[in-house]
Structures are given as structure tokens and as C-alpha cells.
Amino acid sequence: MHNVPKVKNAFSGRIVFMAVATQKRARTDVETDRGFMRRALDLAARGKGRTSPNPMVGCVIVRNGQVIGEGYHERAGLPHAEVNAILAAADDIAGTTVYVTLEPCCHHGKTPPCADLLVQHRPARVVIAMHDPNPVVAGRGIAALEAAGIEVEVGVLEPEAQTVNEAFSKFITKKMPFVIAKCGMSLDGKIATRTGDSRWVTGEASRLLVHELRNEVDAILVGSRTVMVDDPSLTTRLEAQAKDPIRVIVDADDYLASDRRVFSQDSAAPTWVAIPNGRSFAGADEVIAVPDGPGGIDLSALMRELAKREVMSVLIEGGGTTHASAFAAGIVDKVMFFIAPKIIGGRDAITAVEGEGAEKMADVVQLERMTARSIGEDVLIEAYVKQCSPES
């Protein structure tokens, strides 16, 4: 009788020990998956500005805790991440774990389906960060893997993966570009003095980051007044592997002249001019005629036209009137405001967002997921425009 409690305690202790050990293994497995997926996301990001209108995807192949192959989608029309990772693998990938940042495609495009390729090579497990928002895929790639008896897990570092492909997700589901409104301004919200002098509001580190942004987007959009006053080149000035985006100039009031640098400089990137229907402009690589709208032209219609031309991301660089028109049209998805430690002052100085502005606080543009970080001497505020539901 006296031995019974001891046996029970010993048995209970083993159960507790086994449970704790199982939990530790589970935590270790989760952290292992997150670590390899983080590497896959880093690889995916190497395709920034090069894969449009395709998504950025990274892939890592692991056997017994060791990476045996990895790759990423380097450029639209070239092999996908899974293909590059398999080609880089030291040996056959049967029985391995494959980490991929986006659901493998299951349709024939410019390249064969990656889901079929994985089924052919028989990994034991495929870990996927997020479902493919493309309606052509939409879970079918996962279903193909599971039908072949491959274990599939979805959702590891999903928020991070969604951020990497936020432009692709909007483009493929809404047939509209992802739009970033960027500006450099003083602490009191001015982007130039009352005389129009704007060189330079922000510091060198901020200006370098803007060139990196240009290197990543498909197009830059500015108003004709910015082009006429500042005569910018709107190119990417980085030391290596820079890509100039398409230059899109909105000329709502027939203010633009063709003697500006965007029309004459040596760049592989074209310059497009958007004008109201019924007008003409000579000197641009392409003229896009759109209906009238707030601020002069319908920017929503312009975005649809850009999407038809496979422009997946647009960086609006101002000026204040163009920003105001963009917010009024509801086309902005994200803001990136560089704030310099300067006070410009003056009621006639140009502000970051001009126009008439909201009449009531209930009508202002609401932002969410706001972050702040130092960029040299400046502060960069990043936030997303809050999308109101139809009922609100």
C-alpha cells in the first residue's frame, strides 16, 4: 500500500517530463521553421524591382537541419525560386523540407508549374509562408502537393511574407498598382520655401534611400509643375545595378514643356505623360489620355491604365498638389514621409499635401500601422492608408 503513491508519482513525473520535452521540441521546431523561412524571405527580397508583374519569392531546401539548396525569382520571365533552389541543391531533394515564401504556382505561364516540379522531386514536407492571392492559383498549388502525399504547412511568417508582396497582392486582385506617396518635408510640413527653393529639405541619407526606392518600383509619378520648376531627372543614382523606373508626369493644366531633362536625358526608362482627354502632347515616349477628375485628371483611371501596362508599383514624389489629388482619388496605399529637423515657416511656403483639404476631422485620411525610424539626421514615418469598409 505504501508503494502505490510512489509508483503514481513516478508515473506522473514521467508524463510531466514527456510533456515538457514535447513542448520544447515543438518550440524548437517552430523556431527552426521560422529561421529557414526568414532566410527564404531575405532571398525573395533580392528580387525587388526586378520581378514585376510577378511576385518576389524565395526558396530554401533543408535536409537534417542543413541547407542543401536555395534560390529566388530573379527576374520576370526567368525560372522561379523553386527551380533555382532545386538546381542549386547538392543532391536529390527527396525527403527534404522545402521552405518557400509563396504558394507554389500550379498554372502554365512563361514557366512550368512549380507545384508539379515539387511533386516530381518528392520532398517530405513543404513549408509555405502565405497563400498565393492570384485567383488562378488560390490554394490549387497546395492541393496538388497534398494530393501527392507531401506534408504541407502554411502560415509561417505570413505577415512578413504579405509585406514583401504587398504590391503584387493588390495588383493581382484589384488590377491596380500599389501606390506609395513619398515626400521630404520640414518639421512644420513644408516641402519648399515661399520662393520654391527645395534643395535640400532632407539629408543625404534620406535622399539615398529615395534612390533605393526608385530602384524597387516600376514607376515614379510627379506633377508637371514639379518638372517645370525643379527640372528633375527622376532617375536612380546608385553605384551599381540601378534600374530607372518609368517616369509618369501628370499634366492636367497644359503646363508641361518638352525641353525638360526627363525628355532629353540618356536613360533606358521611358517618360509617359498623362493628360486629359482631348489634349495632345509631343515629345513623350507615350501619352496616356484619361478623363477629367479631382485636381485635373482622374488618377484612378490613370492607375487602371498603368496596370494594363503591367505597372505594379508607383512612387508618387509630389508636389503638394499631386499628393492632394492622389489622396482625394483614394489611390494611395502607403505613405513615406521623411521629416527633417528644420522649420521653414511662412504661409506661402509649399506644404506636403495641398489642395482644399478636409472640411471636417471625420473626412481626413486615416492612417494605420505607423512606424518611425531614423534615417541619418531625419525621421522616416511609414504608414498605410486605412481602408474603410463600405458600411462605415
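How do the residues of the lining of the largest pocket divide into nonpolar, polar and charged? They divide into 18 nonpolar, 17 polar and 11 charged, where Ala, Val, Leu, Ile, Met, Phe, Trp, Tyr, Cys and Pro count as nonpolar, Asp, Glu, Lys and Arg as charged, and the others, Gly among them, as polar.

The model is predicted: local features need pLDDT of at least 70, side-chain atom pairs count only at pLDDT 80 or more, and totals for chains, interfaces and linings use all residues. Residues are numbered from 1 along each chain as its sequence is written, and side-chain values use heavy atoms, with hydrogens and water left out.

| Pair | Closest N and O atoms |
|---|---|
| E166 and K334 | 3.8 Å |
| K334 and E382 | 3.4 Å |

K334 is buried at 11% relative accessible area, and E382 is buried at 13% (buried means under 20%, exposed over 50%, partly exposed in between; 1.4 Å probe, protein chains only). E166 is buried as well. R125, at 15%, is buried, whereas E151, at 46%, is partly exposed. D33, R125, E151 and E153 are linked in a network of salt bridges.

The structure has zero disulfides (pairs of cysteine sulfur atoms within 2.5 Å). The sulfur of C105 lies 3.8 Å from its closest cysteine sulfur, in C114, which is too far for a bond. C105 is buried, at 8% relative accessible area.

Technical notes:
A salt bridge is a side-chain nitrogen of Lys or Arg within 4 Å of a carboxyl oxygen of Asp or Glu.
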